[in-house]
Amino acid sequence: MARLDSSTYLQHIHDESQKFRDVLADCDPASAVPSCPDWRAADLLWHLGEVQHFWTWMVEHRPKGPEEYPEPERPADYDGLLHYYDQQYTALVDALGQADPAEDAWTWHSEHKNVGFIFRRQAHEALIHRRDAELAAHTISPFPADLAADGVDEVLDIMYGGCPAWGEFSPLPHYIRIDLTDTYDHLWVQLGRFHGTDPEGIEHEEDDLHVVTDPGVEPDAVISGTAEVVDARIWRRGDGAEAHLAGDLAIIDRFRSIIHQPIT
């Protein structure tokens with residue numbers, strides 16, 4: 001499926017960051033965040049502000065890495081957190097707006113080492129945390145369909161997929177096709193096993209998945225739903241009740257077990 005362009009990601013970063021702020025401005029700072037059980041609304045506000053501060057620094061000081069990054073100090077009260085957040089999301093939008101997506105930059109990903117990765121990742125960071133804010137405030141608004149569709153690919157390919165240099169993915173002949181019913185996108189996932197020994201000497205072996213191009217075979221199972229329903233479900237920010245499952249349900253259960261681990 002086609003990626004969004006950098007200007008579209010940038011607009012989404014701006015819009016989703018502003019929505020996040022608007023929701024939390026009227027939220028009790030002590031409100032629980034159901035999707036992040038250890039956090040209250042004030043913690044969520046600090047988290048996204050801190051994340052955006054970090055990535056602004058990485059863009060502005062590219063290609064330096066986090067070893068030189070100056071840790072910010074958390075404001076003492078909620079008004080201070082709101083003011084700090086306003087500064088951070090504005091600074092991130094400004095920094096990215098002046099950057100070339102193709103330029104080298106530090107990122108945590110083993111393959112994607114450019115500013116373009118930051119554009120995409122931060123658009124989805126803002127979107128998913130906007131949903132967290134809404135869950136804390138007990139109000140839900142729609143995801144932009146284009147960003148949600150891109151988000152399904154991003155969360156599976158980047159957050160769950162990929163393979164570190166010290167490991168290996170062994171594919172199995174099991175495929176799931178994900179049909180996004182509102183954007184008409186189709187995404188293929190191949191199941192497999194990951195194994196390897198990490199730099200600390202710890203051995204890993206577990207079920208894994210990779211996003212793949214259309215393999216030209218019949219899928220073992222199909223998951224269909226709107227981009228928002230599927231994106232929110234994979235991120236554990238929705239129950240996926242409106243999604244439709246077809247085919248080998250054991251394969252879907254295996255897929256679910258891989259994405260069961262929460263990511264924030």
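## Before we start

This is a predicted model, so local features need pLDDT of at least 70 and side-chain atom pairs count only at pLDDT 80 or more, while totals for chains, interfaces and linings use all residues. Residues are numbered from 1 along each chain as its sequence is written, and side-chain values use heavy atoms, with hydrogens and water left out.

## The largest pocket

A pocket here is an open set of points on a 1 Å grid over the protein atoms alone, where a 1.4 Å probe fits and protein lies on both sides within 12 Å along at least five of seven lines; lining residues have an atom within 4 Å of a point. Volume is the space filled by probe spheres set on the points, with grid points joined across faces, edges and corners. The largest pocket comes to about 560 Å³. Its lining has 20 residues, and Met-159, Tyr-160, Gly-161, Glu-206 and Asp-208 are the ones nearest the centre.

Which elements give two or more residues to this lining? They are α5 (145–160), β3 (203–212) and α7 (249–258), and β3 gives the most, with four residues. (Helices are DSSP runs of H or I with at least four residues, strands are runs of E with at least two, and both are numbered from the N terminus.) By type, the lining of the largest pocket splits into 10 nonpolar, seven polar and three charged residues. Nonpolar covers Ala, Val, Leu, Ile, Met, Phe, Trp, Tyr, Cys and Pro, charged covers Asp, Glu, Lys and Arg, and the others, Gly among them, count as polar.

## The second largest pocket

Next up is a pocket with about 290 Å³ of space. It is lined by 17 residues, with Ile-223, Arg-233, Phe-255, Arg-256 and Ile-259 nearest its centre. Two or more lining residues come from each of α6 (227–234) and α7, and α6 gives the most, with four. The lining of this second largest pocket has 11 nonpolar, two polar and four charged residues.

## Gln-190 in its strand

Gln-190 sits in strand β2 (residues 185–197). Is Gln-190 buried or exposed? It's buried, at 12% relative accessible area; buried means under 20%, exposed over 50%, and partly exposed in between, using a 1.4 Å probe and protein chains only.

The Gln-190 side chain reaches the backbone oxygen of Leu-172 at 2.9 Å. Beyond its neighbours within four places in sequence, Gln-190 is in contact with several residues, among them Phe-169, His-174, Tyr-175 and Asp-208. Contact means heavy atoms within 4.5 Å.

## Aromatic pairs

The whole structure has 11 aromatic pairs. Rings of Phe, Tyr and Trp (its six-membered ring) pair if their centres lie within 6.5 Å; planes under 30 degrees apart are stacked, over 60 edge-to-face, and the rest tilted. Phe-54 and Trp-55 have ring centres 5.0 Å apart and planes at 85°, so they are edge-to-face. Phe-54 is buried at 17%, and Trp-55 is buried at 6%. Ring pairs also link Phe-54, Trp-55, Trp-57, Tyr-69 and Trp-106 into a cluster.

Trp-108 and Phe-117 are edge-to-face too, 5.3 Å centre to centre with 85° between the planes. Trp-108 is partly exposed at 40%, whereas Phe-117 is buried at 9%.

## Ala-99 in a loop

Ala-99 lies in the loop between α3 (78–97) and α4 (115–137), and it is buried at 12%. Ala-99 and Val-115 are 16 residues apart in sequence and 7.3 Å apart in space, C-alpha to C-alpha. Leaving out neighbours within four places in sequence, Ala-99 is in contact with Val-59, Arg-62, Val-115 and Phe-119.

Notes:
Polar contact = N/O pair within 3.5 Å; in protein donor to acceptor, adjacent residues only side chain to side chain.
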